[in-house]
Amino acid sequence: MASSRRTIPLFLLTILILLGGTAVAKTGSVTITAKMRANAKANVEKYDWAKSIQRAAIRRAEKWAKVPDRELWLMVTPQTLPRTCHTTRIRYTNRTAMCPNCGDKIIPYGNYPWKIDCFKKPWKLTCPVCKETYPKNDFWAYYLSALDERGIFQPGKGDPKLLFNTDHPDPKDPLHKFAVDDGYGWYDKTNDRWAFVAYYNSWGQWRHIRRGLDALARAYVLTGDKLYSRKAGILLDRIADVYPDMDMYDYIKKMLFEHSDGSTGLGRIEGCIWETRNAVAFSTAYDHVFDGMKDDPELVKFLSTMAKEFKIGDKSSFEAIQKNIEKNLILEFVKGVKDRHIAGNEGMHQNAMAAAAIALDREPLTTELLDWVFAPGKLEKNKDGSWNRTGGNIPFVLMNLMGRDGMGSEGAPGYSCWGLTLMTTAELLRSYPKYTNHSMYRDFPKYKQCFLTPLKWCCLGQATPSIGDSGACGNWGTVGASHQALLNGYRAYRDPRLARRLYRRYSKILDRLTADIFAEKPLALAEEIRKIGEQDSPPLECQNLNGFGLAILQTPQAENGRAMWMYYGRNKGHGHRDRLNLGLYAQNINMLPDLGYPEYASGRPMDRIWERNSIAHNTVIVDDTSQVSSYTGHLRLFEPGERVKVVEVESDGIYKNAKTFRRLSALVDVSETAGYIVDFFRVRGGKLHRQSWHGPPGELKITGLNLVKQAKGTFAGEDVEFNQLPKDWKHDCGYMYLYDVQRDNNPPASFTLDVDAIDLRKRIKEGKDPHLRLTILTETNEVALAHGDPPQNKRGNPRNLDYAILTRTGENLESLYVTVVEPYDAKPIIDSARRLEIKSKPDGQMVAAVEVKLKSGRTDILICCETPGRVELANGIVMDGTFGMLSLRDGQVEFARLIAGTELRTKELRLECPTPALTGKVVSTDTTDPNDNRVVVTLDGEVSDALVGKLVVFENDREQDAAYLIRRIEPKGANFEISTGDSTLIRGYADRDDFNRGYVLNVREGDALRIPLSVTMQAK
C-alpha cells in the first residue's frame, strides 16, 4: 500500500545513528524499579489489600500466560489487514450503526455497539440485540493461509475455499457467501460494505493485545515472575516487526474506512488521535517488563526460532531484541509524534513522546526528547505535504490555550480536561527522577486548577452538566474527578478539597485506592487523607468558572438541593452553539437536560445542525441563523446569597444582527427542599426571535394554549419532511428535526407547560413524583410544540423530548422573554405567576416585574431592569437598580434584596445602597505569587471586608472575560489591593515562540472596573 509520505526528520537520523553508536543503552526498568518491585512483594506479605491487588493482577494475566508462544506471536496483525472503527460508513452521513439481521435495533447500544470476546469468539462480532455473529466465515483460518514467508498477511493470496459461510457450506446454498469477509469487507445487495474483520481488527485484536500487554506487565511488576515478562516480550518484539509499515492513510482516504484521524487520514495502527494511547501503553509496558526480558534465555530462544522460520533478521540475543523494539517501535512513536501520525487532543501526543523518551532511558537522547515536550512548537507543513511538529509546547498549552480554570478551549467538560490528559506526562516525570529540567507540578501553578475545576463544576457535588460533546441526555454523573486524578492532585498539592472528595467517595476502600503498593510506607498518604476527610465538610458553594464560562448557583446542601447553571463559554470545537444555555438539577433529576454527546460527532447533518445547534438547547435563536463562534460571553452579575441567587451574562454579537443578547436568571428558595427560577432573556436586533425550551422526558400537560396539529412535515414547514436537507444544510437551523408539530398562531401572554417526569436514569425515589412546570410570561406571535430526539445510541437517553418554541417577529425587534421555571414533587409550590404592570421605567430599557404567589402563603415580587435605573410599578413599589426581590406574607415584607441598585421601596420599607457598584481603575498588578494574584486599584466608595466574596468585573479588551471573585481586599496607600487568590491574572505568554519574553495579562493597568453591590433585609 502507498504511504502518506512519511519522511524522516533530520533529528531522527541523528537518533538512529545514536542507537547504533556508543551511547549507553537502557540497562534496567526505570519507572518501576527492582527496589519498587521488592517493596511490592513485601507489602503483599504484610497487607490484605496488597494481596488483593496482586491476586487481581494475576487473574487478569492468567489467560494470557496460558496462550502458547507461537499463537501469541501470530496475534499481531500487520499493515495489510485494515482497521476501522465502524462496520459501515458513518462519517458525513446520517447513518448509524446497523446490524445485517436486526437493523437499527442495535442503535441504543452505543457508537460502537458490537460485542467482542477475543478468547471465546475470536474474529467474531456479536450483535447485542439478536446475538447473531459476523463474519460468517472462519476468517482466522483464511488469514493463516495467506501469510507470506515473513509472516505477513497478503490480501487475496489466501485459500479461496475458506471464504464461505460456515453455517451454509453448500456452494449451491444462496447464503453460502452471505456475510463472508476476506479482511476488506463484505458487500451486501445494495453494494454497501460491512467491514466486520476490519472492525474486529481494531476494536478486538489490537485492543486485546494492548490489554494483554498491560495485564502481563502489571502481573510481572507485582510478582517478579518472568513468565509474564516473556509473554509481553513476545508481543512487543512482534509489534516492532510490523509497526514501521503501519499507516492508516490509504485505508481512510482511499478505501473510506473510518478511524480517529480528525479528518486528516493520518494514523498508524489506529487513527492518529487514538494511536497516542498505543504509544503510551506499549512504551510503558516495555519499561515495566525490561528487567524480566533481559535475563530470559527462553525469550531469546523462542524469538530466534521464529526469526529463522519467517526470515525476519537476527533475534539471537537480547541486545538484538532490544534494538528491534527500540528502533522499530519506541522510536517510531517519536517519529509519529513529530510527523502528526500520532496526534490527539492537547496532552495526548505529549504523553506519547514522554512515555517513549523515558522507556528509551538513553542519554543524551531521553533528556533531549523530554526537553522537546516542553519546547515551543507548532505544526508545520512541509513542501512534500508531510508534517513536522516542532515542539511539544506544553508551557503554551498550559498558559495560553487553557483558561484560568485549567480547562482547555474545547467547549465540553470531558474534552477540555487537557490537564488531566497531561497527567500521564506529569506522573511519568514524577516517576523518572533523573530528569529535572521541567516538572508539570512544580513549574506551572495554574496546573493545579486542572484538578480543582472538576470538583467545582459538579452541581450539588454530584453532576457535571452535559455541555457540548459531553455526557448524555438527563445524565447525572461527574467528569474529570476520577480517584486517580484526585489522588495524584492531592499528592502533588496537598489541597484538602481533593482529600475530602476522595474520602467522601471512597472511604470504604480508601486504603486499596490510595495506597502505593510499590512504596516502603504504602499507607502514609491514605492516613493523611482519612484525617482530613473525617473532619466536617463545608457547605456547597456557588461557582464562578469564568475561564471556562460556567456559572453555577446552588443550595448549600446537596440533599434535596437545587443547582442552576448557565453556560457562556466556547461554542466551537467540541462545544455546541449553546451560548447562554440554562440547566437545572432539582428533585433529584436533571430537569433541563442538555442533549449531551451527539450520536457520532462525525460531521453528520443530524449531529451538526440539530444536536449541536442552538434550537436543541434552552436558549434563543435570532433570524434563524447560527451563533457566531466566539471565545466567551461576559459575566455581569454573580450574586450568591440567602433566598435568592442571581447570575447575569451578556453575549452581544453572538448573532450578527443581535445588538443585545443577555440573560439574567434568579434561583429563589421557597424552603430547604423547594425553589424556583425566574428567567429574564433580553434580545435586541433582527426581525425574528425564537426561544427554545425543553424539560425532562415525560407526559406533557398544556394549559392556556389553543394548539392546532400541523398536518404533515416538520417545524421547518409542512413541505419539509424529517431529515429533508437543503443544499446548504451546513448553515441550517435544523428545524427539520422537530416533528409532530402543533402551533398556536394567536397565543396568550401567559400559559403553562407541565412535564410529569419519567424515570429513565433511576433517579426517582419511591413515593416521589417530580414535575417541571414552565409558566411563560411573554407575548409572542406564535407558540409551537414539537418532538425532538436526543441521540439514540446512548443508553438511558429518552426516545424524544417535548420542545416549546416561542416566536416573536418585527422590525428592529426587542424581546424580553420572561419564564418561571418550577420544579416540584407531586404538587406545585406556586399558586400563580404573572407580570406586573410597570408605571414608569428608564427610556429604551426592557424591564419586567413578576409576582409569584406561593402555596405557602408567601408572595414574591421580582423586578429586573436592563441596567441600573428607576422602575415604578403600578402597585407603588419603586426600584432604582438592576434586580430587586421582595417577599411578603400577610402584606408585610419579610425579605428584601436589592442588587446593583440604590433603592428598593414600598410603603412600609425602604432598602438603600449608596451606589449600584463601586467603580475604579487598575493601578498595577502582581502575579509573582500564583496563590495570591493581586491588583492595586482606585475605588470611589466605601470599602470593607464585606466585599470579600463579591464579584469584581474588569473592563479589559474582552478577548477573554475578566470577572473575578474578591478573596481579600485591604488598603494600599491611597488605593486598595484586591486579591483574586489562585485565579490567575495571566492570560498567557507574550510570544509563543519564546517563553522568556514574559506574559500578557488578562487585567492591565488602566482597565476600568466595577464591583456590583447588594443589600439584604431579613425580617426577624
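A nonpolar core is a set of buried Ala, Val, Leu, Ile, Met, Phe, Trp, Tyr and Cys residues joined through side-chain atoms within 4.5 Å. In this predicted model, the largest such core has 145 residues, and L329 and Y447 have the most contacts inside it. Helix α6, spanning residues 196-223, supplies the largest share of this core, with ten residues. Apart from this core lies another one, made of 66 residues, including L553, I589, L705 and Y737.

Next, find helix α23, residues 524-533, where L525, A526, I529, I532 and G533 are buried. Viewed down the axis of α23, these buried residues fall within an arc of 130°, so they line one face of the helix. On the face turned away from that buried side sit the exposed residues E527 and K531. The cover over the buried residues of α23 includes α20 (483-493), α21 (496-506) and α22 (510-514).

Our last stop is D754, which belongs to strand β21 (residues 751-757). Which side chain of opposite charge is nearest to the buried D754? That is R773, 4.5 Å away, and D754 has no salt bridge; a salt bridge would need the atoms to be within 4 Å. The side chain of D754 does make a polar contact, at 2.5 Å, with the side chain of Y824. Among the other residues that D754 touches are E699, K701 and H771.

Terms used: Residues are numbered from 1 along each chain as its sequence is written. This is a predicted model: local features need pLDDT of at least 70, side-chain atom pairs count only at pLDDT 80 or more; totals for chains, interfaces and linings use all residues. Side-chain values use heavy atoms; hydrogens and water are left out. Buried means under 20% relative accessible area, exposed over 50%, partly exposed in between (1.4 Å probe, protein chains only). Helices (H or I, at least four residues) and strands (E, at least two) are DSSP runs, numbered from the N terminus. Lys and Arg count as positive and Asp and Glu as negative; His and the chain ends are not counted. A polar contact is a pair of N or O atoms within 3.5 Å; within protein, one must be able to donate a hydrogen and the other to accept it, and residues adjacent in sequence count only if both atoms are side-chain atoms. Contact means heavy atoms within 4.5 Å. The arc is that of the directions from the helix axis to the C-beta atoms. Lists of a residue's contacts leave out its neighbours within four places in sequence.
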